[in-house]
Amino acid sequence: MKMLSTVSKAFTRTLFVGVLSAASANVMAQAYPVRPIRFIVPFPPGGGTDAFGRIVGSKLTELWGQQVIIDNRSGAQGNIGTALGAKASPDGYTITLAHQGALVINPHLYGNPGFDTLRDFAAVSRGMETPSILVVNPGVSAKSMKELAELARQNPGKLTFASTASLQQLLGELFKLTTHTNIVHVPYKGAGPAVIDLLGGHVSMMFANPSSIVPNVKAGKLRALAVLGARRNEALPDVPTAIEAGYPDFGDVVEWYGVVVPAATPRALVTQLNAAVVRALRSPDVVERLAAIGQTAAPSTPDEFSAQIRREFERWGKIVKAAGVKVD
């Protein structure tokens, strides 16, 4: 009887602690947020990541009644800001823009990116999906992907391509491999500086996020040659897909952003964050503003986004290995 009493007391204590912890987490989640939230964007102002962060951050500010502060932390193709997000306090007051290149490509390019994608983050929601667009400076005579490839073959080592993150770098390398050409890679810390140099003719071409280049294409300051996806971009309906242009290897390359938090963030907070982010992304004004810059809102559950991150991590690891590309 004494043994049963001891077991019973231990069980009661365990149950009490479990209920108390659950109640505390629930109260914390219900009270959240009670102060401003930092939204780390691991790239400089002026590009697609920054535009996404500010559009979504503005709507979250409206929904929460608490200021969402955009914190641009650029460098190392997104590694610096992403690593900062991984090390943040897991209390829901620091969220990080999950960039495809930084999360699923950089770990295969860099010996130590400063974070472990599969261990350091909890997925909140996918944010948007959009295919990149191949653009050239108007001074480049090519009017199509095939003409660009031919021009590059006739002028080995003279054309240059800008990259703002690892995805764009790999797309440039893939173009070189596919077309058997020699084009010089010029890396940039973000889309803003890269587009400025592209507009100025300091670089020849770029695989860009639509939000970085659509206004300039519409204004005739840049020429779009192809959309790297299965469908044309609504913002540039006259630009053919890479498949239509005769380059099927570029037909399923879709860039995405999302939101992540440190792995130790309580599940209750992750769930609450997901609800707010999904609500923001489904707001008609947000959908419209993202579409205007060539981005398609694509919210998801935490589990769906987590699974996508893992799939893409494995996929791009194989591509990086096959291409033999490394960054010291």
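A residue is called buried under 20% relative accessible area, exposed over 50% and partly exposed in between, with a 1.4 Å probe and protein chains only. Phe175 is buried, its relative accessible area being 0%.

This is a predicted model, in which local features need pLDDT of at least 70 and side-chain atom pairs count only at pLDDT 80 or more, while totals for chains, interfaces and linings use all residues. Residues are numbered from 1 along each chain as its sequence is written, and side-chain values use heavy atoms, with hydrogens and water left out.

Helices (H or I, at least four residues) and strands (E, at least two) are DSSP runs numbered from the N terminus; two strands pair if DSSP finds at least two bridges between them. An open sheet of mixed pairing holds 6 strands in the order S2-S1-S3-S10-S4-S11. Its edge strands, S2 (68-72) and S11 (296-297), each pair on one side only. Strands S4 (residues 121-131) and S10 (residues 254-262) are antiparallel over 9 bridges.

Rings of Phe, Tyr and Trp (its six-membered ring) pair if their centres lie within 6.5 Å; planes under 30 degrees apart are stacked, over 60 edge-to-face and the rest tilted. The whole structure has 9 aromatic pairs, including the two below.

| Pair | Centre distance | Plane angle | Class |
|---|---|---|---|
| Phe52 and Tyr257 | 5.8 Å | 70 degrees | edge-to-face |
| Phe175 and Phe250 | 6.5 Å | 50 degrees | tilted |

Phe175 lies in helix H7 (residues 166-179) and Phe250 in the loop between strand S9 (223-227) and S10, so their pair ties together parts 75 residues apart in sequence. Phe250 is also buried, at 0%.
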